[in-house]
Amino acid sequence: MNLTHLLSIHDLARDDVTTILDTAEGMTDLALRPIKKVPVLRGRTVCNLFYEDSTRTRISFELAAKRLSADVLNVSAKGSSVSKGESLKDTALTLQAMGVDAIVIRHWASGAARQLTGWVDAKVLNAGDGSHQHPTQALLDLFTMRQRLGRIEGLRVVVCGDIVHSRVARSLAQALALLGAEVTLVGPPTLLPPHPERWPVTISHDLDGLLGKADVLYLLRVQSERMREQHFPSVREYARIWGVDAQRLARLPEGAIVMHPGPMNRGIEIAADVADLHADVIAAQVTNGIAIRMSCLYLMLGGEA
Amino acid sequence: MSAVTFSGCRLVDPASGTDEVTSVTVADGLVTAVGGAREGREVDAAGLVCAPGLVDLHTHLREPGREDAETVASGTAAAAAGGYTAVCAMANTDPVCDHAGVVEQVLRLARDAGHCDVYPVGAITRGLAGDQLAEIGAMAAVGVRCFSDDGLPVRSARVLRRALEYARTWDAIVANHAEEADLTEGAQMNEGELSSLLGLAGWPREAEEIMVARDLVLAAGVGARLHVPHVSTRGAVELVRAAKARDVRVTAEATPQHFALTEDAAAGYDPVYKVNPPLRTAADVAAVREGLADGAIDAIATDHAPHAPEQKAQEWVQAPCGMLGLETALALTLTELVDEVVSLPEAVALLSTRPARSRDISGHGGPVVPGAPANLVLFDPEARWTVDPRALRSRSRNTPFAARLLRGQVVHTLLRGTFTVRDGAVISQ
């Protein structure tokens, strides 16, 4: 496959996704070795350009690049010339002039990763742009589902929570549909995307009606500032209707898994005991994130001399 | 001044109902003959259309305040290049055109440049802040006929009603940006299937339609003149059409971007396609075209909005709204509308005659008859050209039509008998 940039799941074909997942399979073994490093990206420079606070994604990308022996730069919007008012374009041109091979960008503005490709020759990997896409998150989620449930095709996945503001939901729904899973989005209408005609999903407002047939219950973080914006009346009401507690959990079929991209709001979308009960899957998502990012970096940068 | 006769041109002049191949003679700033014997120098105009100079109801000249993006001189040169002899300069300058001083400054700069007549639009409220009325009377005294807070809607129904009432003193026109801002906080593009996929907050069409409906009700109640700028949704077109049927004193404009582009252009996140109101759907484009064809919409206006390159080379969310328009409006009208949606005379009416009348601008928009000021454009309706942003006369480059092949090219523009464009080149006075 020829992966120039990784901006959106919409740019990928079914085979591309499978290749990324299969390649990641090989990367997971590396984490079990005493020396967790291979020299495939030696001499290559990867820059993590982060305009938004992120702990897990940045560390995950950093570890992924380092385990492939790439040199890694971390540029955050705080503590660089970005805070002096330098534009994204000029920052990108500076990185270009310094000869970076790939830019991993996290940005609060939808579309920033795609815009970057117009300004630099470096390969661009989208680590989350606004409410648009977060492709590596979706890929690591698929990887985790495949690992736990043995397949993607035919899985019934219920995604619950703040969909409209979620880049994870946009990437995940598309990736799952590409591999033949059935996706249902559920939540209050104010947090579901308006005009979802082009989403490959079914829309529902009835969480309880869906739980009995779900293979995966994927919970998204609900930010309390959405409450102030009147997307829902109160956290208590949200938790009562769309939050997952032990009682709701009991309706899931045997073998179904609960996933969450983190960070979790315990007590809102997920009760603390539910989070603890499914902590191993949620931890696996984090672990698999490194393998998926290694896979993407390798497929983007590894083939070149 | 010596006479010039344009011979063999097709004179299209909706004001006099003329559409015939003839000659037009100009001397001493006036049209002196139509179809008369050759007088003075002869210019072979065979194959060209001669029409009254174009009139733009919605232009941003950016001066004073953002001379890096456009000046009165560069903007009016762009206007002349596009076939315009009159443009209405919007009030959102810095300082705001909310008092007679800025009006006079813009008028003086326009006179000095000599490319095109400029009719400043005054602000409705001081500083475009939406609460206290600007000195509408003082601006009317120096010739202002239309008042608008430009891209900032007057949110308060009370303030807009007061403005409509007060403007009746001069039978002046109030143009209110049609956007219920409560529904568009953070809006980036048309709300719809595409914004949902792109993760950009949407401008719901309801925001435009609610404001158009409110303003029409207020204008009808007061009996004042309302102008609806850049209509962009099917619902808004229908509201204006229905109000006209009830004899509400309303005029409306539509822009080339809203009849030639759809929201699909936003898919690559290039801010050159970011505009307010946003590019809408194919169904809205069809409705705008219907409105232009049946008279619901009175004028094609450009909303020419120059922005310096660094302003548009930002994240989509950060970049300002607006597109260049003066140098492409005529060609887009010919390419997209003429023969399919409107006839050539109807196109000239939409670009010149009706906008001039809607704003009480005399001397422009025809009629092209002996004794009238010689404000004319001669264009080749068949010439093909490709839009090259670097070749534009505007100081800015933010055209969404770069590399587009268009038909219809301006050959000569005359302002009171003086060439402002000759053989396609802008003439500095």
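Reader: What percentage of the 429 residues of chain B count as buried?

Author: This is a predicted model, in which local features need pLDDT of at least 70 and side-chain atom pairs count only at pLDDT 80 or more, while totals for chains, interfaces and linings use all residues. Residues are numbered from 1 along each chain as its sequence is written, and chains are lettered from A and ligands numbered from 1 in the order in which they are written. A residue is buried if 20 or more other C-beta atoms, placed from the backbone, lie within 10 Å of its own, exposed if 12 or fewer do, and partly exposed in between. Of the 429 residues of chain B, the share that counts as buried is 60%.

Reader: What is the radius of gyration of chain B, and what does the globule rule give for 429 residues?

Author: Chain B has 12 helices and 19 strands, where helices (H or I, at least four residues) and strands (E, at least two) are DSSP runs numbered from the N terminus. The C-alpha trace of chain B spans about 60 × 45 × 40 Å along its principal axes. The radius of gyration is taken over C-alpha atoms, and the globule rule is 2.2 Å times the number of residues to the power 0.38. Chain B is as compact as a globular protein of that length, because its radius of gyration is 20 Å, close to the rule's 22 Å.

Reader: How many helices and strands are there in chain A, and what is its radius of gyration?

Author: Chain A holds 12 helices and 9 strands. Buried residues make up 48% of its 305 residues, and its C-alpha trace spans about 55 × 45 × 35 Å along the principal axes. For 305 residues the globule rule gives 19 Å, so chain A is as compact as a globular protein of that length, with a radius of gyration of 19 Å.

Reader: Which helix of chain B gives the largest share of the side that touches chain A?

Author: Two residues are in contact if their C-beta atoms, placed from the backbone, lie within 7 Å. By that criterion, 17 residues of chain B are in contact with 20 residues of chain A. The side of chain B that touches chain A divides into 7 nonpolar, 6 polar and 4 charged residues (Ala, Val, Leu, Ile, Met, Phe, Trp, Tyr, Cys and Pro count as nonpolar, Asp, Glu, Lys and Arg as charged, and the others, Gly among them, as polar). The largest share on that side, 4 residues, comes from residues 193–198 of chain B, helix α5.

Reader: At what angle do helix α5 and helix α6 of chain A pack?

Author: Residues of α5(A), including A:L139 and A:L142, meet residues of α6(A), among them A:L172 and A:A175. By class, this contact has 8 nonpolar, 2 polar and 1 charged residues. The axes of α5 (residues 135–149) and α6 (residues 167–178) of chain A are 8 Å apart, and the packing angle is about 50°.

Reader: Which residue does a cis peptide bond join to B:E63?

Author: The loop between β6 (54–59) and α1 (72–81) of chain B contains B:P64. The cis bond there has an omega of about 0°, and it joins B:E63 to B:P64.

Technical notes. Axes fitted to C-alpha atoms, helices over the stretch in contact; angles between N-to-C directions.
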